[in-house]
Amino acid sequence: MRRWLIPVVLLLAVLVLAGVSVTRRAPTVRVAEVREPLPGEQQTELSAAGYVDSRRRSVIAPQIPGRLMDVTVEEGEPVKEGQVIARLDDQDARNVLSRAEAEVRAAQARLAAARAQAENAQRTTERTENLAKQGVIPHSELLDVETAGSAAREELNAAHAELGVAIRAREGARLQLAHTVVRAPFDGTVARKLADEGAVLAPAALAGTNLGGIVELVDLDALDVEAEVSEQQLSHIQEGQPALIFLDAFPDRAFLASVTTVRPAIDRSKATATVMVRFQSVPKGALPDMGAKVAFLREPLPPDALDPKSRAPRVPSSAVVQDDGHSAVWVVRDGRLVKQPVRLGQRVGEEVALVEGPPAGTQVVVAPDAKRLREGRRVKVEAGSG
């Protein structure tokens, strides 16, 4: 018996030590973060991603070919409608205008001479008719004079026509000269500068590419969001429907908006349609091509919906425990458990609002096991939770 006693005692000691080790081992818990709900979350019918764009966005190019002599604006600079953006070399246009003005003066001189000849022919015809009536001259001479008068009138008509052609040519030359000065077609901001002095520009965009562009002009007060909505969801979208826009550049803010247009075309490669959503008030700092998300709402938001103070943080309902008739959650702080009392608000789906409790971002234990948890105990957070 004595020979077996020592091994048995040793075995019992090992088992006791193993039990103590197991009880002291940090249990693994599944956690979730206290979160702040997004504005309009309860009213959201569906969401879609998209990009900011401007209703007035254009590459400004000259209407005539030429060498760029001066660009008067820089990127980021605001411009007004009619403001000079650039100037082309205008020497050839000035030469053409000078020749056209000379042609107008020459045509005016020819018209004056033709008018004098026509008036003289008219007087001669009148005198000859009187003499013919008196029998002083033969009728054949009157016919010759009348023929000469008709020729003078035709010369006058031709001179009038030549003057008209010369005047129109002068107007065209003036217009060509005016086209050497490129002006802003609308109020906007220079988004990109596409050409520098010395560049030889084509007169217009060719085959969809802006070969002759000088600057890209964008109206930052006319921004919309182009959201891509799957064709299965289009039946939930209507013009005028309230919406919220969330910009990736401003993740903590939401902007009131409404649906303006559903483009009547489907992208076959993605099975989506483009929905235009307009800001109620364009936010300062918003720029074209910014990433955005749109929440399409079933109903308009209440007046205080965008106020962060009106949106209480939420936790999963399963994280709330009852302790002597009071609600509490187990908070994981620095790897240890802290039991924190909470005051509950409205239940929303699988979550419950916290009128009082830990702030958003705090980790709380989901479905806590009361037998394993105690104040101050070290725990391990389950991978992938939280």
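Select Val 315 and Val 352: in strand S22, Val 352 is the bridge partner of Val 315. The model is predicted, so local features need pLDDT of at least 70 and side-chain atom pairs count only at pLDDT 80 or more, while totals for chains, interfaces and linings use all residues. Residues are numbered from 1 along each chain as its sequence is written, and side-chain values use heavy atoms, with hydrogens and water left out.

**Stop 1: the sheet with S22**

Helices (H or I, at least four residues) and strands (E, at least two) are DSSP runs, numbered from the N terminus. Now select all of strand S22, residues 351-356; three bridges join it to S17, and the two run antiparallel. Two strands count as paired if DSSP finds at least two bridges between them. Strands of a sheet pair through backbone hydrogen bonds, either parallel or antiparallel.

**Stop 2**

Select Glu 351 and Arg 35. They form a salt bridge, with the closest N and O atoms 2.9 Å apart. The term means a side-chain nitrogen of Lys or Arg within 4 Å of a carboxyl oxygen of Asp or Glu, and by this rule the count comes to 21 salt bridges. Glu 351 lies in strand S22 and Arg 35 in the loop between strand S2 (31-33) and S3, so the pair ties together parts that are 316 residues apart in sequence.

Is Glu 351 buried or exposed? Glu 351 counts as buried, at 18% relative accessibility, whereas Arg 35 is partly exposed at 27%. Buried means under 20% relative accessible area, exposed over 50%, and partly exposed in between (1.4 Å probe, protein chains only).

**Stop 2: Arg 57 and its partners**

Go to Arg 57, which is partly exposed with a relative accessible area of 31%. Arg 57 forms a salt bridge with Asp 53, their closest N and O atoms being 2.9 Å apart. Asp 53 is buried, at 19%.

Next select Asp 289, whose side chain meets that of Arg 57 in a salt bridge (2.9 Å, N to O). This pair links distant parts of the chain, with Asp 289 in the loop between S15 and S16 and Arg 57 in strand S4, 232 residues apart. Asp 289 is partly exposed, at 49% relative accessibility.

**Stop 4**

Select S4, S11, S9 and S6. These four strands form an open sheet in the order S4-S11-S9-S6, with antiparallel pairing. The edge strands are S4 (57-60) and S6 (78-79), and each pairs on one side only. Two bridges hold the antiparallel pair S6 and S9, and Thr 189 in S9 is the bridge partner of Pro 78.

Stay in S9 (residues 188-193) and pick Lys 193. Lys 193 is partly exposed, with a relative accessible area of 22%. A polar contact of 3.5 Å joins its side chain to that of Asp 196; such a contact is a pair of N or O atoms within 3.5 Å, where within protein one must be able to donate a hydrogen and the other to accept it, and residues adjacent in sequence count only if both atoms are side-chain atoms. Lys 193 and Ile 214 are 21 residues apart in sequence and 6.3 Å apart in space, C-alpha to C-alpha.

**Stop 3: the nonpolar cores**

A nonpolar core is a set of buried Ala, Val, Leu, Ile, Met, Phe, Trp, Tyr and Cys residues joined through side-chain atoms within 4.5 Å. Select Ile 245, Leu 247, Val 277, Val 294 and Phe 296, which touch the most other members among the 22 residues of the largest such core. S12 gives the most to this core, with four residues. Finish with the second, separate core of 18 residues, which includes Leu 68, Ala 184, Leu 201 and Val 215.
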